[in-house]
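Please keep the model open while reading.

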Amino acid sequence: MSDYLVLRVIAKLLIPFILLFGFYVQMHGDYGPGGGFQAGVIVAAAFILYAIVFDVKTAQRVVPMAILVSLACLGVLLYAGVGVANLLYGGLFLEYGVLSHDPAHGNHIGILIIEIGVGTTVAAVMMIIFFSFARRR
Amino acid sequence: MDKSAQEGPGTIDLYLNIILLVFVVATGIAAVWLRNLLASAMVLGIYSLLMATLWVVLDAVDVAFTEAAVGAGVTTVLMLLAIALTGRQEKKRRARPWLPLATSLGTAGLLIYATLGMPAFGDATAPAQLHVAPYYLARAQAETGVPNVVTSVLTAYRGFDTLGEVTVIFTAGIGVLVMLGGASRRRRKPPEPVAGDSA
């Protein structure tokens with residue numbers, strides 16, 4: 001599809017803003033609608049748009065499958081790791097309150113970290129599924 | 001959801017819901033009716049977008065966000081990819097599908113019959129409103145410091161469930177990779193050894 005000049009230019013213009021919006025949704029999920037799940041899908045959509053408009057192989061050079069698999073694992077590990085960290089701090093599994101001397105603050109920190117874990121895994125898995133299908137063509 | 005209107009659903013909401021639901025049913029039927037799978041996938045994308053609008057009308061903005069991003073966005077792309085791998089046209093059916101039709105209509109009838117036993121739409125005394133929801137709404141912001149109650153329920157009060165959800169997504173990705181990725185690598189490797197592709 002690399003012959004379509006308009007699509008290429010518009011996609012190049014759009015992709016930074018899609019990524020920025022993804023990060024906004026990620027970090028703003030505790031104040032407005034959104035969170036890790038939605039942010040992960042939006043970030044993945046930016047890379048999928050790039051792969052559709054340009055080339056799957058070029059997109060795979062930006063995010064190779066090995067990195068995507070590591071990121072997917074890393075997200076789940078980050079989430080579960082917060083739970084283990086809570087155990088080490090003397091709390092229950094996923095009891096974020098112990099992360100700070102003020103339980104509400106600790107909860108907020110814990111929510112932010114696990115949302116990042118969710119976002120990482122969702123973005124990586126969406127791209128893994130897309131590239132697994134797209135590579136077979 | 002976090003700033004749900006205190007007054008009941010107005011007339012505008014009712015008309016909006018009726019119009020949206022009619023369109024939802026129409027796109028649902030069209031998706032099944034169309035022989036061209038490409039068009040069918042597009043119609044399903046519209047269906048998801050209509051559902052997202054419906055969630056917005058119901059003040060469930062977080063669900064609407066997910067529906068729009070996953071249902072209308074990524075799922076449509078994945079369906080298009082699957083169509084590109086298989087074929088654009090649905091195969092002609094030989095027999096009339098009376099048994100599946102009867103099964104679907106029977107199930108739909110039972111489900112509609114079951115809705116008669118449900119509490120009324122927006123009922124404040126429904127069990128869902130009386131169990132833990134008042135506790136969350138009253139205490140969530142003080143206990144977690146997060147204004148969006150949906151986020152604090154999903155990640156703090158129901159943190160273990162969400163960990164399970166993330167694990168399910170992770171497992172799905174690994175499953176697709178095992179089923180599709182491995183075969184492609186074996187097939188691709190001999191003709192062209194790509195230097196940068198470390199799959």
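**The contact between chains A and B**

Chain A puts 49 residues into the contact and chain B puts in 44 residues, where two residues are in contact if their C-beta atoms, placed from the backbone, lie within 7 Å. On the side of chain A that touches chain B, at least two residues each come from helix H2 (36-53), helix H3 (56-62), helix H4 (65-88) and helix H5 (103-134) of chain A. Helices here are DSSP runs of H or I with at least four residues, strands are runs of E with at least two, and both are numbered from the N terminus. H5(A) supplies the largest share of that side, 19 residues. By class, the side of chain A that touches chain B has 30 nonpolar, 13 polar and six charged residues. In this division Ala, Val, Leu, Ile, Met, Phe, Trp, Tyr, Cys and Pro count as nonpolar, Asp, Glu, Lys and Arg as charged, and the others, Gly among them, as polar.

This is a predicted model, in which local features need pLDDT of at least 70 and side-chain atom pairs count only at pLDDT 80 or more, while totals for chains, interfaces and linings use all residues. Residues are numbered from 1 along each chain as its sequence is written, and chains are lettered from A and ligands numbered from 1 in the order in which they are written.

Chain B contains eight helices and zero strands. Of its 199 residues, 21% are buried; a residue is buried if 20 or more other C-beta atoms lie within 10 Å of its own, exposed if 12 or fewer, and partly exposed in between, with C-beta atoms placed from the backbone. Among the contacts in chain B with a separation of 6 or more, 51% join residues 24 or more positions apart.

Two helix pairs across the contact can now be described. Two packed helices are described by the angle between their axes and the distance between the axes. H2(A) packs on helix H3 (residues 61-85) of chain B at an angle of about 30°, with the axes 10 Å apart. Axes are lines fitted to C-alpha atoms, for helices over the stretch in contact, and angles run from 0 to 180 degrees between N-to-C directions. H2(A) and H3(B) are therefore roughly parallel to each other; angles under 35 degrees count as roughly parallel, over 145 as roughly antiparallel, 65 to 115 as roughly perpendicular and the rest as oblique. The crossing of H2(A) with H3(B) is left-handed, meaning that the near helix is turned anticlockwise from the far one by less than a right angle, whereas clockwise would be right-handed. On the H2(A) side the residues are Phe37(A), Gln38(A), Val41(A), Ile42(A), Ala44(A), Ala45(A) and Ile48(A), and they meet Phe65(B), Thr66(B), Ala69(B), Val70(B), Gly73(B), Val74(B) and Val77(B) in H3(B). This contact has 11 nonpolar, three polar and no charged residues.

H5(A) also packs on H3(B): their axes come within 9 Å and cross at roughly 15°. The two are therefore roughly parallel to each other, and H5(A) passes H3(B) in a left-handed crossing. From H5(A), Met126(A), Ile129(A), Phe130(A), Phe133(A) and Ala134(A) take part, and from H3(B), Val74(B), Val77(B), Leu78(B), Leu81(B), Ala82(B) and Leu85(B). The contact of H5(A) with H3(B) has 11 nonpolar, no polar and no charged residues.

The largest nonpolar core has 60 residues, and Val41(A), Ala44(A), Val125(A), Met126(A), Met127(A), Ile128(A) and Phe130(A) have the most contacts inside it. Such a core is a set of buried Ala, Val, Leu, Ile, Met, Phe, Trp, Tyr and Cys residues joined through C-beta atoms within 7 Å. At least two of its residues each come from H2, H4 and H5 of chain A and from helix H2 (37-57), H3 and helix H8 (159-188) of chain B. H5(A) gives the most to this core, 15 residues. Not counting residues up to four places away in sequence, Phe130(A) touches Ile48(A), Val77(B) and Leu78(B).

Most residues other than glycine have a negative phi. Leu94(A), although not a glycine, has a positive phi of about 65°. Leu94(A) lies in the loop between H4 and H5 of chain A and is buried, with 22 other C-beta atoms within 10 Å. Asp59(B) is not a glycine either, and has a positive phi of about 70°. Asp59(B) lies in the loop between H2 and H3 of chain B and counts as partly exposed, with 15 C-beta neighbours inside 10 Å.
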